[in-house]
Amino acid sequence: MGLLAITNAHVVPIEGQPHDGTVLVRDGRIEACGPGTTAPADAEVLDAGGQWLLPGFVDAHVHLGMHPEGEVGSTADVNEMTDPIMAAVRAIDAVDPFDPGFDDALAGGVTTVNVNPGSGNPVGGLAVAMHTHGRYIDQMVLRSPSGLKSALGENPKRIYGEKKQTPSTRLGTAMVIRKAFIEARNYMAKADPDAIDPRLEALAMVLRREIPWRQHCHRTDDVATALRLAEEFGYDLVLDHGTEAHVIADIIAERNIPVLIGPLFTTKSKVELRGRSLANPGKLHDAGVEISIITDHPVVPINFLVHQCTLAIKEGLDPVAALRSITINPARVLGLADRIGSIEPGKDADLVLWSGDPLDVMQRALRVFIGGRQVMEYDAGTRLPVVVDRKLPVA
């Protein structure tokens, strides 16, 4: 791949102070950056002309490739709702890399996503963290599994209540999850190599703290149930959505539990969403909670990820915290902070060149690089992003 020097850029490294200078990329990784970095004579030079260079954004909660926009029912593969405990199913087995949403992600400067199963089941399945460009899923993967999805609240009680089976209430949902963990704990104690159960193996990964428990919850009482279950079984908890998490933000901060908050500008279509507000990310951050902002694509189109940040800033979120919420914070939640989320030597060269400050809605992503390879360039003539053909082999 050789040596690339992106010169004359306004570099926003996320970890460290913004500066004007050069970033060197060798063989897909960042080799050097900082005010004193210069371009070697043998480097391919890209003059940024003062444009802003940031790490690729990370959306840690999407259904990209599993639930394309406009597809419903049998054409969507996001929920296997034939049993409340679907711990063994894997998102990686249902992601279509040719979902148009992947191109939208690149247009919005998003280079990494965490694809989750849906929230129809108390235990929904294993998530996958992956890049947003490619033709073969296994080459796009950064971590699989990256967590085990679980849901509290309205969705599982509605799905199984309509089927006239357990769980049909919040207390029933919590009971089903408890029973699953107790069964997994007993399975681990027996450790019989001749009796492998993929469902219990997935739960055991959570109990061994190999992957986090990704808990879908909106209402404050559901957040409290999530904390209670994590305390009982001793796993690493991530709160997904956290619509009313700010109400008990002090408790969440004390336990050092991250909140992936969003989607932030949709209708309050369920009773558990009545507390939704663009002010909530700022309230969580001010209380000391590590936040990541998410789109839940296709609920909010993924290219609007950074715009949710801008609107949250308008309602009180610190701008530095806003950028961290779509870069290094979600990278840490995904266990990938050593590779992505900031511009630092040794990390993957997942970089986006912006026309200006991405928190300004008038600016746009002009070039996107994944692993040092340019995969998108904005065409000013057509006003469209031009994405490298996914059917072509990676150079």
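1. Basis of the values. The model is predicted, so that local features need pLDDT of at least 70 and side-chain atom pairs count only at pLDDT 80 or more, while totals for chains, interfaces and linings use all residues. Residues are numbered from 1 along each chain as its sequence is written, and side-chain values use heavy atoms, with hydrogens and water left out.

2. The largest pocket. A pocket here is an open set of points on a 1 Å grid over the protein atoms alone, with protein on both sides within 12 Å along at least five of seven lines, and its lining residues have an atom within 4 Å of a point. The largest pocket has a volume of about 600 Å³, where a volume is the space filled by probe spheres set on grid points that are joined across faces, edges and corners. Of the 28 residues in its lining, H67, S119, N155, D296 and V299 are the closest to the centre. Helix α3 (residues 154–162) gives the most to this lining, with three residues; helices are DSSP runs of H or I with at least four residues, strands are runs of E with at least two, and both are numbered from the N terminus. By class, the lining of the largest pocket holds eight nonpolar, 15 polar and five charged residues, with Ala, Val, Leu, Ile, Met, Phe, Trp, Tyr, Cys and Pro counted as nonpolar, Asp, Glu, Lys and Arg as charged, and the others, Gly among them, as polar.

3. The second largest pocket. This pocket has a volume of about 450 Å³, and of the 24 residues that line it, those closest to its centre are D236, L237, N256, I257 and P258. Two or more lining residues come from each of α6 (220–233), β13 (237–241), α7 (249–254) and α11 (328–333), and α6 gives the most, with three residues. The lining of the second largest pocket divides into 13 nonpolar, three polar and eight charged residues.

4. The cavity. Rolling a probe the size of a water molecule over the atoms shows where empty space is left. A cavity is a set of grid points where a 1.4 Å probe fits but cannot get out, and the structure holds one cavity of 30 Å³ or more. The largest cavity has a volume of about 50 Å³ and is lined by H241, T243, I261, G262, P263, L264, R276, S277 and N280. Three of these lining residues are nonpolar, five are polar and one is charged.

5. Salt bridges. With a salt bridge taken as a side-chain nitrogen of Lys or Arg within 4 Å of a carboxyl oxygen of Asp or Glu, the count comes to 22. One of them joins R170 and D221, whose closest N and O atoms are 4.0 Å apart; this pair links distant parts of the chain, with R170 in helix α4 (residues 170–190) and D221 in helix α6, 51 residues apart. D221 counts as partly exposed because its relative accessibility is 33%, given that buried means under 20% relative accessible area, exposed over 50% and partly exposed in between (1.4 Å probe, protein chains only).

6. K347 forms a salt bridge with E344, the closest N and O atoms being 3.2 Å apart; K347 is buried at 6% relative accessibility, whereas E344 is partly exposed at 28%. Salt bridges that share partners join E154, K157, R170, R219, D221, D222, K270 and E272 into one network. D197 and R199 form a salt bridge with their closest N and O atoms 3.8 Å apart, D197 being partly exposed at 22% and R199 partly exposed at 23%.

7. Surface residues. F265, F304 and L311 form a nonpolar patch on the surface, with about 210 Å² of accessible area together. Residues of a patch have over 30% relative accessible area and no salt bridge, with like charges joined within 9 Å and nonpolar side chains (Val, Leu, Ile, Met, Phe, Trp, Tyr) within 5 Å; the areas come from the Shrake-Rupley method with a 1.4 Å probe. F304 lies in the loop between β15 (291–293) and α9 (305–314), and F304 is partly exposed at 32% relative accessibility. E231, found in helix α6, is exposed at 58% relative accessibility.
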